[in-house]
Every structure is written in C-alpha cells, then in structure tokens.
Amino acid sequence: MQTTKYKIIGLILLVIVIVFSLRQNQVPKVEENIRPVKQQEKEFNTATTVIIKQAQKSKKEQKEEPNSTYIYSEDPIVENHIISLKYSVCQTYFIFQNSPYLNFKSLYNSKIQHDYFNKASANCEKLNKDHPEYLLNINYKERITLMQSKTATSKIGQMLEFYKKPINTIVSNQEIEELYGILGNEYPELISYPFIAGMKYEVDTIIPDLKELLFTTNTQYVAKITNLSRMYLSCQLNNDCTMGSSTMMSLCLIETNFCVASFDELFNERLSQGVQADVLLALPYFKRLYQVE
Amino acid sequence: MTMKKWGLTFLVILMAVIAFFLYQRFVSDEKTLTSSVVTTIPIKKEKISKKSIIKKITPKKTEKIDWLAGYDKGKDATKTVDLITAFREFRKVKRCRFVIQSFNDNKESYPIFLEIINKYTRKNQTPKELSAIQRQYFGKWVDSCADFMQSDDELYTSVHERYRKRFYQTKPKTKREKDFAKSWPYAEETRFINFKYDNLINGYTGENVKLTRAINQQTRHARGLLSYININDDIEFSERTNQEINMYQQHLNELNGIVDGSIVIDDNYLINLYQLYESNNKKLDEFLKQNISSEAFMTLAPLLFSNKNEGMGFYDKKYYQSIMSNIALLFACSMDYPCDSDSKEMVLNCFKSSKFTDESACGLSIQDYNLNHYFSPNQLMDVDQLLNYLFENYANN
C-alpha cells in the first residue's frame with residue numbers, strides 16, 4: 001500500500017515536472033522595442049510634443065465639431081501634402097531661419113531669384129502666427145516623423161504613400177485613370193505632383209500619346225510640354241498661381257526670367273510662340289485625362 | 001526486501017527523469033534568453049595587411065597606348081586632299097576606333113558596341129539593344145569604317161596616325177579652308193578667355209580648392225592638346241598648326257604663372273581680362289559674318305550664341321539652348337556642311353548615342369529629320385525666328 005502511494009505521488013510529481021518543462025520550452029515573443037517607452041518619449045523635443053498635444057486636442061475637438069480639424073482633405077496624408085505644396089515657400093523660409101548653415105544664397109546665386117524669394121516669403125511669419133495648424137515652422141525630420149505616424153484613409157493618400165509598398169507593386173491603368181479623375185475634380189493642387197505610382201503610366205501611355213499629338217520624337221520637349229500643360233490646367237482650376245505660390249517659385253528657380261507675378265504673365269510673355277501653341281494643343285488631352293471640362 | 005528494492009529503484013529512476021527535465025528546462029531557458037536578446041554578428045578578427053589597403057587606394061594605371069604602333073612612313077599611301085576633307089575624314093577615323101580595333105582583335109563589332117552604350121546602364125535597367133532597322137544602319141557604318149584601312153590587318157593606331165598626320169600637315173588654300181583653319185584656334189582662345197573670365201573674377205589664392213582644381217584641369221587640357229599634336233616628331237607641321245602649338249604653350253605659361261604667383265590677379269589684370277572678353281566676342285562675331293566655312297560656323301556658334309537668348313527674343317534659356325544647336329546645324333546645312341544620312345549627327349541620332357537613339361532618324365538627312373520628326377510643327381515658328389536671324393547676319397554663300 002505504501003509503495004503504491006509512493007508510486008502515485010511520484011507519478012504526479014513526474015507529470016507536474018513534464019508539464020512545467022514543456023511550457024518553458026516555448027520561445028517567448030521578442031520584444032520589438034527593447035528600450036523602455038519612457039526613454040523614447042524623452043528623445044522627442046518640445047516642438048514634437050506640441051504637435052502631439054495639438055493632435056490630441058484636435059481629436060477632442062473632432063468629437064465636439066467633426067468638420068473643423070481638416071482644411072483640404074480628411075485624409076491626413078493628402079492634407080499634409082497639399083499644405084506642404086501650397087506653403088512650400090514658407091516652409092523653406094523657416095528652414096533657412098532655423099539653420100545656421102543653409103541660406104538662399106548658398107543654394108541659388110542669382111540676385112533676381114533671391115529677391116523673388118524674399119518677396120514671396122514676406123508674409124510667412126504672419127501666416128505662421130495666424131495658422132499654427134499649418135505647421136510651417138517644423139523641421140524636415142519632425143515632418144517625416146509626423147507623417148509616419150499617420151495612415152492614409154483614401155486612395156489618393158495611398159498613392160501618395162506608394163513608396164512604402166514593395167518595389168514591384170503594379171498599379172493598373174484603370175486605377176491611375178481613376179486617380180487622375182479624383183485629382184482633377186477634388187485636388188487640382190496635386191495635378192503637378194509627381195506620383196511615383198503614375199510613372200509607368202506616364203512613360204507607357206502619356207508620353208507616347210503626346211508624341212503623336214504634337215508630331216515630335218523629342219522626349220525631353222514632350223516632358224516640358226506635359227509639365228507646363230499640367231500647371232496651366234491646375235491654374236485654370238483655381239490653384240494658386242500667383243507670386244509666393246509653389247508653382248511660381250519652382251518656375252523661378254528653373255529660370256530667372258520666369259520670376260514674374262503670375263503663371264498667366266509667364267505663359268503670355270515669357271514662353272516662345274511654339275511652346276505656347278503646343279501647351280494649348282496638349283491641354284484638351286489633359287482635361288480628358290483629369291476628367292474636367 | 002525485494003519490494004523495497006523496487007520502490008527504491010523506482011524512486012531513483014523518477015529522480016533521474018525529474019533531473020533530466022529540469023536540465024532541459026535550464027537549457028531551454030538559455031535558448032529563450034538568447035532569442036530575446038539582439039543577436040550580433042561576431043566580429044571576425046582577421047589580420048588585414050597594409051599591402052591590401054595600399055593596393056585598394058593606389059590609383060589604377062591606365063594603359064599607355066603606343067600611338068605609332070604599326071605606322072610605317074614608307075607604306076603611308078593616304079591621298080592628299082584639301083584641309084576640310086582631311087579634317088572630316090580624320091574625325092570619322094576617330095569615331096571608327098572601336099570598329100577597327102574589333103577587326104584587329106578578330107571580334108564582332110556589335111557586342112563591343114553594346115558594351116559601350118550600356119556602360120552606364122544600371123543593374124535593374126534593361127540593357128539597350130538596337131532594333132532591326134538600327135542594326136542595318138550599324139552594319140553599313142561598320143563597312144564604311146573598314147574603307148579607311150589600307151590592309152585587312154592594319155592596326156587602328158596606324159590608320160589613326162596616317163589621317164592625323166595628313167590633317168596636321170595640310171595647308172589651307174581656299175578661303176573656305178582658311179576660314180576653317182582660323183576657327184579652331186579662335187575657339188580654343190575663346191574657351192580660355194571665358195574660363196579666366198568665369199573663374200578669376202574674384203582673384204586667385206591657393207586656398208580656393210575649387211578654383212585650383214579648375215586651373216589644374218585647364219592645364220591638363222592644354223598639355224593634352226600639345227602632347228597629342230606632338231605624337232610624331234617626324235611631322236612637318238603647317239603654319240597654322242605651329243600657331244596652334246604656340247597658343248597652347250602661352251596658355252600653359254599663363255596658368256603656371258597664376259599658380260606660382262608670378263602673374264598677379266590684380267585690378268589691372270581684371271580690367272584687361274574684361275576688355276579682352278568683350279573684344280574677343282566682337283572679333284568672333286565679325287569673323288562669323290564673313291566666314292564661309294560650315295565647320296567654322298559649327299565650331300564657333302555654340303561659343304557665340306549660347307548666352308544670347310534674350311537678344312534673340314527667348315526668355316527660356318534652357319529651351320533656347322536646346323533648340324539652338326539643331327538650328328545652327330540647319331544653318332550649316334545651307335553652307336557646305338555634310339548633312340546626309342551618313343553624317344556624324346545622323347549616325348548619333350540613329351544608333352550611336354549612349355543616351356538617346358531614334359529609329360526614325362535612320363536613313364534621313366539632317367534637314368528631313370529635324371523638320372519632319374524632331375521639331376513639332378508649332379516649334380517651327382521658333383525655328384523660323386532663329387533661322388531668320390542667322391541668315392540676316394551670318395549668311396555669306
């Protein structure tokens with residue numbers, strides 16, 4: 001009897017030990033963040049803390065007033081891109097203000113371009129004060145960190161974040177054409193934006209179509225007409241094309257003779273006859289592409 | 001007793017099993033511990049020899065070419081021609097280098113050609129290949145290169161020297177040839193003046209690394225041109241070639257003087273430089289107005305017209321520069337410039353450029369290609385505007 005007791009106790013002990021050992025043999029999850037969370041928070045500087053607080057505040061506001069947290073798009077990625085494009089001159093202004101090494105002169109030698117930039121950025125301080133939600137005065141690293149914390153909620157936003165997808169991701173022509181339709185009708189500010197997702201369509205469809213339309217084999221010339229036509233169209237769709245806009249500043253940086261008051265003036269007085277005529281010839285093609293009339 | 005023995009045995013076995021499982025747990029603990037810790041690749045401590053580092057950082061020696069290899073003065077049967085023909089054929093021989101070298105090496109030219117045009121193609125890009133039409137013209141061009149060889153086994157260096165020697169010895173006789181002979185030194189002199197004007201306007205100090213590098217580059221350019229002319233000391237140079245040699249020597253002396261401080265970039269120097277710059281541009285312009293050589297026009301036009309966009313009514317400088325080179329070519333075609341489908345420009349457009357080739361350019365003349373394919377019909381308004389300017393000011397035929 002005693003022996004049986006011992007046997008039973010021994011067996012129970014054995015089972016316990018086996019079960020305990022088996023549980024210990026499972027590999028635990030590797031922690032993704034090795035450093036404790038508190039330490040990571042310390043690495044953010046105060047500007048970013050302000051952004052987070054503002055974001056939290058806007059979430060609160062959203063509960064109270066659902067429509068007041070965005071200006072151009074509910075999708076935070078699209079919102080940020082449009083604001084960055086529209087106010088790129090001011091963003092550049094603040095980058096120069098905050099950097100001891102960078103200034104306009106170090107990047108661009110022409111006095112005309114320098115004076116144009118000064119005129120275009122004259123209201124940036126006031127704009128930043130009146131609209132802190134534009135986040136004009138944050139540096140590039142902070143902007144990237146902020147963008148990485150957001151998720152696209154629309155097709156356009158996903159296209160803007162196309163660089164995150166695997167390198168061989170293919171977008172169908174239908175999707176691209178749909179995207180262009182949305183841009184033309186809802187976001188004309190983004191018509192000239194170089195979508196990575198659209199590059200294949202550009203090379204395989206748009207450039208060959210325009211070569212046929214313009215009767216030229218010169219790819220560089222076709223690319224030039226494509227860019228100008230897109231700008232022309234986005235200006236027609238009420239995108240800001242006056243001095244201080246990113247459109248005019250980008251043109252001024254290419255050519256000092258393009259540092260003028262508006263795209264209208266540039267088109268009528270600074271482009272050659274041939275280029276003007278070809279832009280107007282290509283315009284209906286882009287109107288069809290962007291589904292606007 | 002036996003029962004006790006069995007009981008004891010059983011207990012011992014039990015303890016052994018427990019010990020075994022405990023040991024397994026201990027080992028697995030170590031495994032889990034290591035799997036939750038970031039693994040680092042162990043640093044292999046290898047002995048790195050100084051020699052291997054020196055080998056990596058020593059610049060690679062370029063192969064020294066014997067430019068007179070195979071050249072036999074006694075067997076040189078190159079026909080005497082006028083200076084312009086001598087120049088055109090010499091230029092074509094240089095463009096045929098890899099073809100003739102492939103004949104010398106008993107290799108096919110096409111694979112070597114593909115290697116050359118794909119030299120800068122990245123790994124993820126599709127290597128370029130010629131289409132059937134382009135290959136047809138490539139074959140024709142290879143055959144035309146073979147025509148320069150005196151014999152099937154003549155080395156490229158020998159072919160090159162025969163045509164080079166003839167070019168440097170030929171004297172200009174007609175006005176066309178004399179205009180052409182003047183254009184090359186004018187071009188080199190203009191480039192040198194422009195170099196000084198662009199780079200020395202703020203003076204020179206040895207501490208300015210960018211400027212020192214530019215001066216060294218210019219020095220190498222002048223030295224290179226001199227050594228190229230003087231490959232063969234058996235050549236009796238024409239007078240214009242001697243003048244050219246003197247000019248390069250003067251350039252070298254001036255550059256060395258700037259570097260060693262014997263020439264001081266003071267206010268007087270800069271005033272003289274500015275006046276020289278202005279007077280040289282005027283001199284070029286006056287020369288072109290009376291010039292009748294198309295090659296002279298093509299040599300000097302880029303130097304004179306590249307910054308004149310606003311004077312010609314074009315505010316878009318890049319666009320103006322991109323079309324001006326083609327328009328200058330169309331103007332040169334109205335003189336005596338070779339503009340057929342075998343011309344250097346059309347061969348480049350058809351298949352030879354490493355950047356861009358256009359099958360529609362194959363078999364076409366320069367005029368046909370530019371007016372019916374390259375320029376859009378609307379661009380012809382700009383072409384007409386610039387051509388009118390050139391004809392009004394520089395047409396002399």
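**Reading helix packing in chain B**

Me: Which residues of helix 4 of chain B meet helix 5 of chain B?

Reply: On the helix 4 side they are B:Phe98, B:Val99, B:Ser102 and B:Phe103, and they meet B:Ser109, B:Ile112, B:Phe113 and B:Ile116 of helix 5 of chain B. Contact means heavy atoms within 4.5 Å. By class, that contact has six nonpolar, two polar and no charged residues. A caution: this is a predicted model, where local features need pLDDT of at least 70 and side-chain atom pairs count only at pLDDT 80 or more, while totals for chains, interfaces and linings use all residues. Residues are numbered from 1 along each chain as its sequence is written, and side-chain values use heavy atoms, with hydrogens and water left out.

Me: How do I describe two packed helices?

Reply: You give the angle between their axes and the distance between the axes. Here, the axes of helix 4 (residues 97–104) and helix 5 (residues 109–117) of chain B come within 9 Å and cross at roughly 135 degrees. Angles under 35 degrees count as roughly parallel, over 145 as roughly antiparallel, 65 to 115 as roughly perpendicular and the rest as oblique, so helix 4 and helix 5 of chain B are oblique to each other.

Me: And what about helix 8 and helix 10 of chain B?

Reply: Helix 8 (residues 175–199) and helix 10 (residues 239–260) of chain B cross at roughly 10 degrees, with axes that come within 10 Å. They are therefore roughly parallel to each other. Their contact has eight nonpolar, one polar and six charged residues.

Me: Is helix 7 of chain B covered or uncovered?

Reply: Mostly covered: 13 of the 14 residues in helix 7 of chain B are buried, meaning under 20% relative accessible area (1.4 Å probe, protein chains only).

Note on methods. Chains lettered and ligands numbered in written order. Axes fitted to C-alpha atoms, helices over the stretch in contact; angles between N-to-C directions. Helix = DSSP H or I, 4+ residues; strand = E, 2+ residues; numbered from the N terminus. Nonpolar A, V, L, I, M, F, W, Y, C, P; charged D, E, K, R; others polar. Buried < 20%, exposed > 50% of the residue type's maximum accessible area, 1.4 Å probe, protein only.
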